[in-house]
Amino acid sequence: MAVDIQPACLGLYCGKTLLFKNGSTEIYGECGVCPRGQRTNAQKYCQPCTETPELYDWLYLGFMAMLPLVLHWFFIEWYSGKKSSSALFQHITALFECSMAAIITLLVSDPVGVLYIRSCRVLMLSDWYTMLYNPSPDYITTVHCTHEAVYPLYTIVFIYYAFCLVLMMLLRPLLVKKIACGLGKSDRFKSIYAALYFFPILTVLQAVGGGLLYYAFPYIILVLSLVTLAVYMSASEIENCCDLLVRKKRLIVLFSHWLLHAYGIISISRVDKLEQDLPLLALVPTPALFYLFTAKFTEPSRILSEGANGH
């Protein structure tokens, strides 16, 4: 195969784009930025992203997809009030919005019209921050080679958030106006207003810390799910198994946290060796059992009552 000989390509993410191919002859352009959907290989040639995302990549995308849903549910519960019958319908609507946004995002991603994506494999943390690795050969002129080396794991999250926001603005106000009769006019739309705040925050978080989140999200899930479960059980004054069975809502919260525990464990282990990693899922109920066994020593109800009295 005949390949044209050109000067070496500088920079970690600069590459040469294929301009012409005729049989065994390939002609490449000058060293520069790779087109969207391609990244450089070891020989500094831009190659199309044709791989299938790994399990860990899908788990990362699932985590980023869960963030707005969990925040939706939190603010719906926070502002709906204990006696409001609209909370359940709003929860279901939020789930529908995020699910439809995820499906639409996959359908509009390459390849278009199917529920799977092609991607480039993540090799190291710097793949997420190619803008920091633009070379300056003469220390004056900068060769801009910024592109999405982790295609499409970086931009697909922004597309998903955009669809979530659009669907929320189309569906939620109509639903809230119809069924949230138990709330005052000023309280009905507070969960929607909250979303208008946390979506920009999530967008900035992905833009700045996407690479860090990619490597840290399993531990973030485990830590946050443990902390929120402990806070919820103490605030609800759950001190034994009977307290858990009093309300169905408590069991739903418990099982939801168990799912998050399992999600975090699977993400950390990546299920590389199935027979060794699956037994780790037996640890999922451990935090809740530990709390129930030790609650009688800490007496969270007494701590809450003293805090309310200002002591």
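Is C14 buried or exposed? I find C14 at 0% relative accessibility, so it counts as buried (buried means under 20% relative accessible area, exposed over 50%, partly exposed in between, with a 1.4 Å probe and protein chains only).

I note the basis. This is a predicted model, where local features need pLDDT of at least 70, side-chain atom pairs count only at pLDDT 80 or more, and totals for chains, interfaces and linings use all residues. Residues are numbered from 1 along each chain as its sequence is written, and side-chain values use heavy atoms, without hydrogens and water.

I looked up the disulfides (pairs of cysteine sulfur atoms within 2.5 Å). The structure has four.

C14 pairs with C145, S to S 1.8 Å. The torsion about their S-S bond is about 95 degrees, so this disulfide is right-handed. C14 sits in the loop between β1 and β2, and C145 in the loop between α2 and α3, so the bond ties together parts 131 residues apart in sequence (helices, H or I of at least four residues, and strands, E of at least two, are DSSP runs numbered from the N terminus). C145 is buried too, at 1%.

Next I checked C34 and C46. Their sulfurs are 2.0 Å apart. The link is left-handed, with -80 degrees about the S-S bond. Both cysteines are buried.

C49 bonds to C120 at 1.6 Å. The torsion there is about -80 degrees, so the disulfide is left-handed. C49 is buried at 1%, and C120 is buried at 5%.

Last, I looked at C164. Its closest cysteine sulfur, in C98, is 4.2 Å away, too far for a bond. C164 is buried, at 1%.
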